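Colleague: I am new to this structure and would like to learn how to read it with care. Could we look at it together?

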Amino acid sequence: MLHETNDFQIWDSPWETVAASAPAPRWTVLIPFFNERTLLNGTLASLAAQDVPFELILIDNASTDGSAEIAAATCRRLGLAFTLLTDRRPGKVNALQTGVARTRTLYVATCDADTIYPTDYLRQAELLLEATRAVAGGAYFAAQHATAEDHREASARMARAAMLLPGQCHTGGAGQVFRTDALRRAGGFDAARWGYVLEDHEIMHRMAKLGPLAYGGTLWCAPSPRERDRDSIRWTLVERILYHVTPGPARDWFFYDFLGRRLAARRLTSDRIRERQFYAQPDFSGGMPRTA
C-alpha cells in the first residue's frame with residue numbers, strides 16, 4: 001500500500017512491487033471519495049471480487065470522517081492491493097486528475113465509492129472497448145438485485161439512446177471507462193479546463209473528438225440511491241435538452257460558452273458535490289439512475 005499526499009506531491013514511499021509471476025494488470029480503477037465511510041466497504045468488496053487483475057487507486061479528497069482509514073483497513077481485510085492518495089484540493093475533478101496522473105495501465109475506470117460492480121465488470125468493459133474500437137465507454141445502471149428483464153430493458157434503453165445520440169454521454173462517472181492514452185490526449189480531468197459539475201458529460205464530449213464511444217451491452221453497475229438533503233446542483237431541463245439537440249460541431253460552444261457560464265453563475269463548481277448526499281436521477285435519454 002502507498003499513501004501519498006497531494007499538496008502537491010509529497011511522496012512517502014514508492015509503488016508497491018508486483019510479484020513477477022502475477023499477470024500485468026491492464027486496468028486501473030480510480031475511486032475518488034469524500035466522507036464515504038458508510039458505503040466504501042460494499043464498493044471495495046465488489047471490486048475485490050473482479051475476475052481480472054487491476055490496480056486500485058483510492059483518492060481521498062480530504063475526508064473528515066475517517067474514510068481513508070476505513071478504506072485502507074477494508075482493502076487489507078479483503079487482501080486487495082491498493083494505492084491511497086490524498087488530494088486536499090476540493091472537488092472530484094481534482095481528485096480524478098490526481099488519480100489519472102498515477103495511472104500506468106492500458107485502461108482506466110472511474111468508479112464511485114457508493115456503487116456496486118459485478119464480478120465481470122472490468123472484463124466486460126474491455127470487451128466493449130475492443131469490440132467497438134471505442135476510446136471510452138459507459139455502463140448502464142441497474143439496481144443491485146435487478147431481474148434479468150430489468151437488465152434487458154435498461155440495456156435496450158441505453159442502446160437506443162446511444163444510437164439516437166452518438167458522441168454524447170449516456171451514463172455517469174460511476175460507470176465510465178477509458179483508454180488511458182486517449183484520455184490523456186483529450187486533456188484528462190482538469191479543473192482549469194472544466195471545474196464544474198457534470199464533468200462526466202464534459203469529458204465524454206472531449207473523448208468523442210478522438211473516436212467512438214461505446215455503451216451498455218453487458219456492462220452495468222449498481223449505484224446506491226440516496227435522498228437529497230439540499231437543492232439540486234444539476235443542470236436544468238432546458239440545458240439538458242439543448243445538450244441533446246446541439247450538433248457535434250457546436251458542442252464546444254455549448255459546454256464552454258453556454259453551459260460553463262451558466263454553471264459558474266450558479267456557483268456549481270466540482271467541489272459543490274461534496275456538500276450533499278444525493279439521489280441518482282434519471283438521465284433525459286435513458287431513464288435509469290445516474291450520478292452527478
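The dialogue below takes up confidence, backbone angles, a loop residue and a surface patch.

Modeller: Please keep in mind from the start that this is a predicted model.

Colleague: What average pLDDT does the chain have?

Modeller: Where pLDDT is low, the predicted coordinates should not be read in detail. The chain averages a pLDDT of 87, and 83% of the residues score at least 70. Over residues 5-20, however, the pLDDT is below 50, although the model gives this stretch 26 contacts beyond near neighbours in sequence. Residues 276-292 also stay under 50, with 67 contacts beyond four places in sequence.

Colleague: Which value does phi take at R133, and which at L198?

Modeller: Most residues other than glycine have a negative phi. R133, not a glycine, has a positive phi of about 55°, and its place is in the loop between α4 (121-132) and β7 (136-141). For L198, in the loop between α6 and α7, phi is positive too, near 65°.

Colleague: Is each of them buried or exposed?

Modeller: Buried means under 20% relative accessible area and exposed means over 50%. R133, at 70%, is therefore exposed, whereas L198, at 1%, counts as buried.

Colleague: Where is T246 found, and what does T246 touch?

Modeller: T246 is in the loop between α8 (237-245) and α9 (251-265), and at 5% relative accessibility it counts as buried. Its side chain reaches the backbone oxygen of L242 at 2.5 Å, and, leaving aside residues up to four places away in sequence, T246 touches R251 and F254.

Colleague: Which residues make the nonpolar surface patch?

Modeller: L237, which is found in helix α8, makes this patch of about 270 Å² together with I241 and V245.

Conventions
Residues are numbered from 1 along each chain as its sequence is written. This is a predicted model: local features need pLDDT of at least 70, side-chain atom pairs count only at pLDDT 80 or more; totals for chains, interfaces and linings use all residues. Side-chain values use heavy atoms; hydrogens and water are left out. Helices (H or I, at least four residues) and strands (E, at least two) are DSSP runs, numbered from the N terminus. Buried means under 20% relative accessible area, exposed over 50%, partly exposed in between (1.4 Å probe, protein chains only). A polar contact is a pair of N or O atoms within 3.5 Å; within protein, one must be able to donate a hydrogen and the other to accept it, and residues adjacent in sequence count only if both atoms are side-chain atoms. Contact means heavy atoms within 4.5 Å. pLDDT is the predictor's confidence in each residue, from 0 to 100. Patches are made of residues with over 30% relative accessible area and no salt bridge: like charges are joined within 9 Å, nonpolar side chains (Val, Leu, Ile, Met, Phe, Trp, Tyr) within 5 Å. Accessible areas come from the Shrake-Rupley method with a 1.4 Å probe; for residues, only the protein chains shown count as cover. A salt bridge is a side-chain nitrogen of Lys or Arg within 4 Å of a carboxyl oxygen of Asp or Glu.
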